[in-house]
Structures are given as C-alpha cells and as structure tokens.
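Open the model in your viewer and keep the selection tool at hand. This tour goes stop by stop.

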Amino acid sequence: MCYVQLLHSSRCFDALTRRIFRVSEENRTPLPGSSVAGPATDPQLDAWRDLPIAQQPTWREHPDYSASISELGSRPPLVFAGEVDILRERLAAAAQGKAFLLQGGDCAETFDGATADKISSRVKTILQMAVVLTYGASMPVIKMGRMAGQFAKPRSSNDETRDGVTLPAFRGDIVNGYDFTPESRAHDPKRLVQAYNTSSATLNLIRAFTQGGFADLRSVHSWNAGFMANPAHSAYEQLAGEIDSAIRFMDACGADFEALKRTEFFASHEALLLDYERALTRTDSRTGQPYDTSGHFLWIGERTRQLDHAHVDFLSRVRNPIGVKLGPNTKPEDALELIEKLDPNREPGRLTFITRMGAQNIREKLPNLVEKVTASGAQVLWVTDPMHGNTVTSENGYKTRKFDDVMDEVRGFFEVHDSLGTFPGGLHVEMTGDDVAECLGGADPIRQEQFDDLYESVCDPRLNHKQSLEMAFLVSGALQSRGRR
Ligand code: PEP
Ligand code: MN
C-alpha cells in the first residue's frame with residue numbers, strides 16, 4: 001500500500017523509552033479498584049516497537065518527545081479498569097442480540113471544539129438517538145462517544161500540496177495543527193499532553209452530564225419535541241407519539257425515574273498513536289492485567305489492521321474491548337486471523353467488527369464475511385459504520401456523504417444479518433449535535449450551497465443534529481418491525 005509509512009524503531013530509542021517508563025515505576029502504590037500508578041511494565045507491551053507500523057508522526061527525535069511521553073506516563077488513568085469490564089459485558093450482550101450499540105461523534109475532535117456547548121450538544125444528541133433506538137429495539141442501547149480521545153487521523157498521503165506549496169498532512173490535533181503553515185503542520189509531541197488534558201476535561205463533562213440529572217429519560221425525550229415540531233419530520237410522528245405514551249405509562253406505573261436520571265456512557269477512539277496508547281496503559285490493581293486507560297473501547301482503523309503490524313500486536317495485549325474496521329476488500333481469512341490474534345479465548349464482548357463497505361457493496365460483500373466468521377464458531381459483535389464507504393466529493397468541492405447512501409448501507413446491514421440469522425448489533429456514526437451542513441440530504445434537506453457557510457469539520461463530514469435524529473427514527477422503525485416479525 002503506497003500510503004503506508006513504515007517506521008522501524010531504533011534500539012537506542014527503545015532503551016530510552018524503557019528507561020522513562022522505569023523511572024515512573026518507582027513508589028507505586030496500588031489504588032483499590034483502579035490501576036497501579038505509571039505505565040504497565042510487561043515487556044510484551046513493547047513488542048510492537050519491533051514491528052512495522054503505519055500512520056505514525058515523525059517526532060521521535062524531537063527535543064520534547066521524551067518529556068511528553070514521560071508526563072503522560074505519570075498522569076492518572078482517564079478510565080478505570082472496572083468500567084472497561086462493565087462495557088465488555090454490555091458488548092457481549094449486544095453480540096448475542098440482547099443489546100444494541102450506538103457509537104457516535106466527530107470524525108476528528110479538535111482542541112478548540114472541546115467547549116461545554118459543543119460537548120453537551122453532542123452528548124445530548126446521542127442520548128436523544130438512544131431513547132428512540134431503545135424504544136424501537138426494545139432492548140438496552142449502549143451509549144458510546146467517539147469522544148474524549150478521537151484526536152488522531154490516518155491519512156492517505158503524508159503531504160498536502162496547495163498552490164504549489166507542499167507541507168505535512170494534517171494528522172489530527174494530537175499531532176499537528178490544521179492551519180496550512182510550516183509551523184502549524186510540524187509534528188509536535190507536546191500535543192500528546194494537550195490531547196490527554198482535553199480528553200480529561202471532555203470526559204469530566206460527559207460524566208457530569210450523564211450522572212448529574214441531565215440524562216433524565218423524561219427530559220431527553222422532551223428534547224425530541226423540537227425535532228418533531230419541524231413539519232419535515234411528520235413521517236416520524238407515530239413513533240414519537242408511541243414513545244410519549246410509553247413514558248407516560250411508565251410514569252403512571254410508578255417507574256423509578258430517579259434511577260433513570262443517570263445513564264452509562266462510554267468513551268472510545270481509534271487507537272492510532274501507539275506512543276499515546278502505550279503511555280496510558282496501566283496495570284489493573286485487582287487482576288494485574290494491562291488496560292489501555294485512554295478510553296473504554298479502542299478500535300483499529302482500516303489502514304492499520306495488518307495482522308503482523310504494530311497496532312494489532314499492541315491491542316492484542318490489552319484487556320479493553322477492541323473494534324476493527326473492515327472495508328469492502330476484507331477477505332474472510334483476514335477476519336478469521338484477526339479473531340485468532342485479538343480474541344484467542346473467544347471472550348464474549350472482546351471483539352467488535354465495524355463494517356464500512358459502502359452502500360454499493362454491502363449486500364454483495366458482507367454475507368460471505370459474516371457466514372465464514374459465524375461458521376468458525378466465533379461470536380463477534382457486528383456493527384455498521386455507514387459513513388466511511390460512502391464518502392464523495394460534492395460538485396462545489398467538499399468532502400461529503402449523501403444521507404440516502406448512508407441509510408441504504410444501514411438497511412443493507414440489517415438485510416444481510418436478517419437473511420443469515422445473525423445479529424445486527426450496532427451503529428457507528430460520524431455526527432454532531434450542531435446545525436452544520438456537511439452531509440447532503442435528509443428530510444429537511446442540506447444542499448451543497450450551504451457548505452460555504454456551515455461546513456465545520458476538519459476531517460470527514462458528519463450528520464448534523466437533525467440528520468442524526470432522523471437516522472435514529474429510521475433505524476428505530478426498522479428495529480421495531482424486525483421485533484414484530
Ligand atoms: C474513521 O473512523 O474516521 C476512519 C478513518 O475510518 P476507517 O479506518 O474505517 O477508514
Ligand atoms: Mn472519519
């Protein structure tokens with residue numbers, strides 16, 4: 001693959017990193033139920049350093065590199081091992097058709113975008129979608145943000161050229177800046193610490209919102225009234241009315257709404273920068289096992305899932321539930337080998353396959369993959385990412401996706417699983433709670449003329465608030481009719 005940038009680590013660098021990690025190993029006191037201070041020390045966690053690795057920044061010789069890694073290593077974990085274990089159980093239920101995963105957020109979070117308003121509207125939209133999906137699926141919906149760590153982006157080219165000037169490509173705020181200047185595009189390891197700090201602030205707000213009363217089922221549902229007030233959404237009136245009645249019925253029966261004021265919410269991101277992931281990997285004080293405490297759920301992207309490369313090796317050694325993106329060229333043997341490597345013990349909830357085939361391909365390509373995996377006896381969680389196989393360029397030059405293509409892939413995903421008797425276990429979407437114009441279409445349609453004013457994404461186009469809710473209503477309707485069959 002021409003875009004794969006292979007970097008092999010030098011012995012000198014490895015010795016340095018190991019020394020940094022040993023320093024922060026001193027004076028460790030196990031914290032009950034959490035993790036031992038400092039990065040985990042099992043040498044196997046560094047086996048990836050001797051393997052080919054794609055999509056990494058070129059910053060190992062940078063004067064701030066060692067201090068940044070060392071600082072990350074001394075910071076507290078962002079998530080706790082116990083929470084990660086709970087998520088694994090929830091995902092195991094989804095793999096058995098007893099729960100449904102909703103995973104959503106920006107393609108690339110930005111440091112500037114980590115404001116209270118933007119974070120709350122994204123969490124709010126995910127909660128709104130989840131209520132609608134819970135009703136349609138009649139099963140628990142696992143709520144997960146592509147949030148609090150989604151700062152690194154794989155790129156198809158190392159460079160970008162504008163008007164004859166070539167600079168390093170933007171790789172996400174954790175690596176370099178978006179502005180097209182040599183200073184901004186230089187890879188800066190101090191950004192690793194800034195990403196940690198921004199993730200920590202984001203997660204703090206998410207925890208406050210979802211535990212402090214904001215997630216009350218009744219208010220979350222009442223927010224949907226704004227969406228329903230738009231005549232463009234009249235097709236969803238019946239479903240919205242049914243949810244209303246269901247909540248009133250629960251209220252009348254004396255349901256414990258105090259308990260429904262809080263909800264679980266998990267954080268996830270693509271584990272792309274192994275410098276970051278390794279430094280935040282800690283030993284769980286209860287079990288002695290390594291957990292990557294940068295997020296609850298981590299996934300391996302389509303560009304870095306090579307079996308013998310660094311990403312698969314590193315993630316095979318941490319206890320978090322792991323996702324792998326699978327594109328249209330995935331062979332069943334690839335999937336089976338990934339299962340063997342990432343989930344050798346066939347542990348329920350450990351492995352999620354996030355398929356991103358494209359609406360054109362899904363009905364043709366997915367069946368063989370699902371059939372072979374199922375025949376092998378493995379039980380993975382199948383999730384659809386209907387975004388990444390449906391990216392096009394608009395006539396006026398923006399990277400976009402058509403809402404209809406996105407929905408067509410979702411429908412194809414359900415059709416394939418229905419025909420095979422397997423479980424369509426979740427939805428992975430790039431979305432925001434704001435009124436941006438990045439994806440075309442929807443019932444209250446976004447047109448390309450709106451892009452000049454309302455396109456904000458620094459990477460891939462996201463569904464806006466209304467398009468996200470519309471998707472939830474459509475998927476909910478599909479889940480409801482499956483349940484009735
Ligand atoms: C992404 O999720 O933003 C992404 C780059 O996806 P993929 O690895 O599927 O291309
Ligand atoms: Mn993306």
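Leaving aside its neighbours within four places in sequence, which residues is leucine 133 in contact with? Select Phe100, Leu102, Val141, Ala472, Val475, Ser476 and Leu479: these are the contacts of leucine 133. Two residues are in contact if their C-beta atoms, placed from the backbone, lie within 7 Å.

Some ground rules. This is a predicted model, in which local features need pLDDT of at least 70 and side-chain atom pairs count only at pLDDT 80 or more, while totals for chains, interfaces and linings use all residues. Residues are numbered from 1 along each chain as its sequence is written, and chains are lettered from A and ligands numbered from 1 in the order in which they are written.

**The core**

Leu133 is among the residues with the most contacts inside the largest nonpolar core, alongside Leu101, Leu102, Leu315 and Val475. That core has 119 residues. A nonpolar core is a set of buried Ala, Val, Leu, Ile, Met, Phe, Trp, Tyr and Cys residues joined through C-beta atoms within 7 Å. Buried means 20 or more other C-beta atoms within 10 Å of a residue's own; exposed means 12 or fewer, and partly exposed lies in between. Now select helix α4 (residues 116-137), which gives the core its largest share, eleven residues.

**Whole chain**

Zoom out. The chain has 15 helices and 14 strands (DSSP runs, H or I of at least four residues for helices, E of at least two for strands, numbered from the N terminus). Its C-alpha trace spans about 65 × 55 × 45 Å along the principal axes. Of the 485 residues, 49% are buried.

**Helix α15**

Select residues 465-484, helix α15. Here 14 of the 20 residues are buried, so α15 is largely enclosed by the rest of the structure.

**Ligand 1**

Next, show ligand 1. Around it are Cys107, Pro154, Glu270, Gly301, Glu302, Arg303, Lys325, Arg356, His388 and Asp460, each with its C-beta atom, placed from the backbone, within 6 Å. Colour this shell by class: two nonpolar, two polar and six charged residues. Here Ala, Val, Leu, Ile, Met, Phe, Trp, Tyr, Cys and Pro count as nonpolar, Asp, Glu, Lys and Arg as charged, and the others, Gly among them, as polar.

**Two loops**

Go to aspartate 163, in the loop between β3 (159-162) and β4 (165-168). Its phi is positive, about 45 degrees, although it is not a glycine. With 5 C-beta neighbours inside 10 Å, aspartate 163 counts as exposed.

Finish at arginine 346, in the loop between α11 (332-342) and β10 (351-355). Phi of arginine 346 is positive too, near 50 degrees. Arginine 346 is partly exposed, with 14 other C-beta atoms within 10 Å.

Technical notes: The expected span of a helix is 1.5 Å times one less than its number of residues.
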